[in-house]
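Here's a quick tour of one protein model and its ligand. Have the structure open and click along as you read.

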Amino acid sequence: MLNRFSRREFAKLFGSAALAPSALPALAAAAPADTPSTAPAPHLFPKGFLWGSATASYQVEGAVKEDGRGVSIWDTFSHTPGKTNNGDTGDVANDHYHRYKEDVQLMKALGLKTYRFSVAWPRIFPNGTGAPNPKGIDFYSRLVDQLLANGIQPYCTLFHWDLPQALEDKGGWQSRDTSEAFAAYAGYVAQHLSDRVKHFMTLNEMKSFVDIGYRDGRHAPGLKLSVAKVNQVRHHAVLAHGLGVQAIRAHAKPGVKVGLAENAEACAPVIETAEHIAAARKATREENAGYLTAVLEGKYTDAYLAHHGANAPKFTAADMKAIGSPIDFVGLNNYTTTWVRADSAPAGYAVVPAPASYPHMMSPWLRVGPQGLYWGPKLIAEIWGVKEIYITENGASSTDVLTPDGHVYDTDRVMYLRNYLTQLHRGVSEGVPVKGYFCWSFMDNYEWADGYAYRFGIHYVDFKTQKRTPKLSAHFYKEVIARNGLA
Ligand code: GBH
């Protein structure tokens, strides 16, 4: 208006009160789009938001017999006939162990601010415990130097499922000795890397490796244990996390932050009404009772213990104290949403199963639910007062075809990422304390029992030549990083 009328004309039409200072902001806001504005664009993330990408040791490194690395349960499992799609193993994977310098250059080209990698325990302690292998830590030390020299902050996960086989032979996660061995290993890595690595995550997705590895038998070590035994394995996993936190604090340089990366159920209300939102809040606590809730409260919920009855885990008060050791941040791996509705059952909520027609990406489990990136971190921050959250994984599998002229037009993955980031932005702009986001994955890699056919990367990998090609999603993500938001 003020652009088209003189002040006098304007005052004549609308009265001089319309020109009072208090009326000006609203008028100014109505200025045409080409008028320069100092207000931040609505789609931007806070300054300093940490844009990252993630991988994991066994999925990308290869070099399984090099420099003194011991055998992991994934070597054993993937070499057991019939266990993985096409018999695929991580023997070579992305050959990242030899190509990490080139990979870091690709990260730099993308504009990554941070990179999340995991350390292979059997490189550091080939037998799980005992004498460390200096060549093991040396690889990660060189990787960290390379990242820092290129302006990329290292975020280090200590356990992303490649347990030393020697420990599995002694009971693996069924034995509490493994929790103690993990703490010793975590402390050692922290001691050697914390002069340069400022963020450590203890375990990646306890829920996945416990349930799929020890209950369903579809991941290493391929066991199908009884409910009581699985619950004990779960307890040893959260105990390892807690003891690991203490060991890292004891051995790391001051100022180092410790957390975990858990695929907590991101419970979202089926409709955003007060009753369904209240149900989603209850579900967040109970659906995560064996993992995140135990870690953040230092106890198992009454409903969890009652539900398992005689099968409940055996634990001591000291265990629970360790499990509840204060952490500095929570990492959330998020791919799907758990839809929750209010219910008259004592729990006060019900999880709504996915209809048969529910959209998913290439992986049947990957049901698309962008709202999880809003409600997940929001409810977790509200319930437990968490002040620092990272989305430590988010991404999708796609059928990914490389065109003869060298492009991968993964428009479905771009759509997926855009929708999830829109929901993340919604939360962050309301003050949900998410400080960074790691896209899974930086490049196609060994997708566990699904082998190499299931591609999650934003870089395409030709596993015969090891050539990496940025997909359309990498170009999209590069724009997001450069703008610090969605355009
Ligand atoms: C993450 O898990 C992992 O941290 C990462 O290593 C992995 O590459 C990535 O996601 C993509 O899968 O075979 O039907 O039992 C995400 C949670 C848990 C999803 C295990 C797949 C197996 C489904 N995952 N789940 S099934």
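A polar contact, as used here, is a pair of N or O atoms within 3.5 Å. Keep in mind that this is a predicted model.

**Around the ligand**

Let's start with the ligand. Which residues come nearest to it? There are 17 residues around the ligand, and the nearest are Q59, H160, E205, R218 and E447.

| Side chain | Distance from its N or O atom to a ligand oxygen |
|---|---|
| Q59 | 2.8 Å |
| E393 | 3.0 Å |
| E447 | 2.5 Å |

And how much of the ligand does the protein bury? On its own, the ligand exposes 580 Å², and the protein buries 83% of that.

**Rings with rings**

Now for the aromatic side chains. To describe a pair of aromatic rings, you give the distance of the centres and the angle of the planes. Searching the whole structure turns up 41 aromatic pairs. Take Y115 and F117: this pair is stacked, with 6.1 Å from centre to centre and 25 degrees between the planes. Y115 and F117 are both buried.

Y300 and F315 make an edge-to-face pair, with centres 5.3 Å apart and planes at 65 degrees. Y300 is in the loop between α13 (292-297) and α14 (302-308), while F315 is in the loop between α14 and α15 (317-323), so this pair ties together parts that are 15 residues apart in sequence. Are these two buried or exposed? Y300 is buried, at 4% relative accessible area, whereas F315 is partly exposed, at 35% relative accessibility.

Rings can gather in groups, too: Y58, W74, F77, W161, Y446, W448, Y452 and F463 form one aromatic cluster.

**What about the cysteines?**

A disulfide is a covalent bond between the sulfur atoms of two cysteines. How many disulfides does the model have? The count comes to zero. To count, two cysteine sulfur atoms must be within 2.5 Å. C439 is buried, at 1% relative accessibility, and C267 is buried with a relative accessible area of 1%.

How values were computed. Residues numbered from 1 in each chain as written. Predicted model: local features only at pLDDT ≥ 70, side-chain atom pairs only at ≥ 80, totals over all residues. Heavy atoms only, no water. Phe/Tyr/Trp six-rings, centres within 6.5 Å; stacked < 30°, edge-to-face > 60°. Buried < 20%, exposed > 50% of the residue type's maximum accessible area, 1.4 Å probe, protein only. Helix = DSSP H or I, 4+ residues; strand = E, 2+ residues; numbered from the N terminus. Near = heavy atom within 4 Å. Polar contact = N/O pair within 3.5 Å; in protein donor to acceptor, adjacent residues only side chain to side chain. Areas by Shrake-Rupley, 256 points an atom, 1.4 Å probe, with all protein chains shown as cover.
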